[in-house]
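This report describes selected features of a predicted model.

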2 protein chains.
Amino acid sequence: MERIPILKMGETLLVTIQVDMHDKIAAALEEDLTARIAETGARGVLIDISSLEIVDSFIGRMLDNIAGVSRMLDAETVVCGMRPAVAITLVELGLSLSGVKTALNVERGMELIRKRLDSDGEAYAGLEE
Amino acid sequence: MERIPILKMGETLLVTIQVDMHDKIAAALEEDLTARIAETGARGVLIDISSLEIVDSFIGRMLDNIAGVSRMLDAETVVCGMRPAVAITLVELGLSLSGVKTALNVERGMELIRKRLDSDGEAYAGLEE
């Protein structure tokens, strides 16, 4: 079965979605991602959807699910590279992806995750004092 | 037409190959990559092939081509995530990918490119003295 590769870059896991998502691939991705978060202790998940021309309610729900599960494992999910047309369609569909942070591109997404890690670092330092 | 997304991360362009490569996709990828290198001034190209179970002579040649063209534009190509079985097959096929640097995973590939940038920086600094 086809699987979407998950790339570890520092404390972030990067996923680029290029193929048409269907039930099995989506379920496998969720499973693989949670396993990798647990295994690596990653604090951020970056999902690039720049090659997706259509994001329907199924993919929207999948992204929401992944973000929800990752949050439980203390990792933040950022979706990046969304095309303007996709954003318009999502809003028209009434899917606001409220549980998911978005960024314009991978670089900004990385920055978002890094900032969160930094502020967490300060919070931990505050606890130690 | 399907296109493989190219992600810019600092001075590196990252490509994850997940789909079956055929002539058109390979040609489009080469074209897109050279355009992005010229546009962004990227110094490294990282190609992740961890999801490829088979690398035949066609893909081998494509990787070689991309590395050759990138080198002309002063960007280094690193192929990462090759499966052990793929490496065995490539050697058996007599394809040694001599023009391509390889790394075990994306993190090490990034490190390789960063090291090259650092040593270039020193070389430039030497010229300025």
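## Contact between chains A and B

In this predicted model, B:Lys8 is joined to A:Glu107 by a salt bridge whose closest N and O atoms lie 3.3 Å apart. Two salt bridges are counted between chain B and chain A, and seven residue pairs are in polar contact, both residues being at pLDDT 80 or more. On the side of chain B that touches chain A, the elements giving two or more residues are strand S1 (6–9), strand S2 (12–16) and helix H4 (106–128) of chain B.

Chain B contributes 18 residues to the contact and chain A contributes 18 residues. Together the two chains bury about 1,500 Å², with 60% of this area on carbon and sulfur atoms. Of the area that chain B buries against chain A, 37% is supplied by B:Leu7, B:Gln18 and B:Glu107, more than by any other three residues.

## Helix H1 of chain A

Helix H1 of chain A comprises 18 residues (23–40); at 1.5 Å a residue it should span 26 Å, and its end C-alpha atoms are 26 Å apart, which agrees. The buried residues of H1(A) are A:Ile25, A:Ala26, A:Ala28, A:Leu29, A:Leu33 and A:Ile37. Because these residues cover an arc of only 160° around the axis, they fall on the same side of H1(A).

The buried residues of H1(A) pack against strands S1 (6–9), S2 (12–16) and S3 (44–48) and helix H2 (57–72) of chain A. The face turned away from the buried side carries exposed residues, namely A:Asp23, A:Lys24, A:Glu31, A:Ala38 and A:Glu39. Just after H1(A), A:Gly41 adopts a positive phi of about 70°.

## A:Leu46 in strand S3

A:Leu46 belongs to strand S3 of chain A. Its relative accessible area is 0%, so A:Leu46 is buried. A:Thr16, 30 residues apart from A:Leu46 in sequence, is 8.3 Å from it, C-alpha to C-alpha.

A:Ala75 lies in the loop between H2 and strand S4 (76–80) of chain A. The relative accessibility of A:Ala75 is 3%, so this residue counts as buried.

The C-alpha atoms of A:Ala75 and A:Gly44 are separated by 4.8 Å, although the two residues are 31 residues apart along the chain. Leaving aside neighbours within four places in sequence, the contacts of A:Ala75 include A:Ile37, A:Gly44, A:Ser70 and A:Arg116.

Notes. Residues numbered from 1 in each chain as written. Chains lettered and ligands numbered in written order. Predicted model: local features only at pLDDT ≥ 70, side-chain atom pairs only at ≥ 80, totals over all residues. Heavy atoms only, no water. Helix = DSSP H or I, 4+ residues; strand = E, 2+ residues; numbered from the N terminus. Expected span 1.5 Å × (residues − 1). Buried < 20%, exposed > 50% of the residue type's maximum accessible area, 1.4 Å probe, protein only. Arc of directions from axis to C-beta. Contact = heavy atoms within 4.5 Å. Buried area = accessible area lost by both parts, 1.4 Å probe. Salt bridge = Lys/Arg side-chain N within 4 Å of Asp/Glu carboxyl O. Polar contact = N/O pair within 3.5 Å; in protein donor to acceptor, adjacent residues only side chain to side chain.
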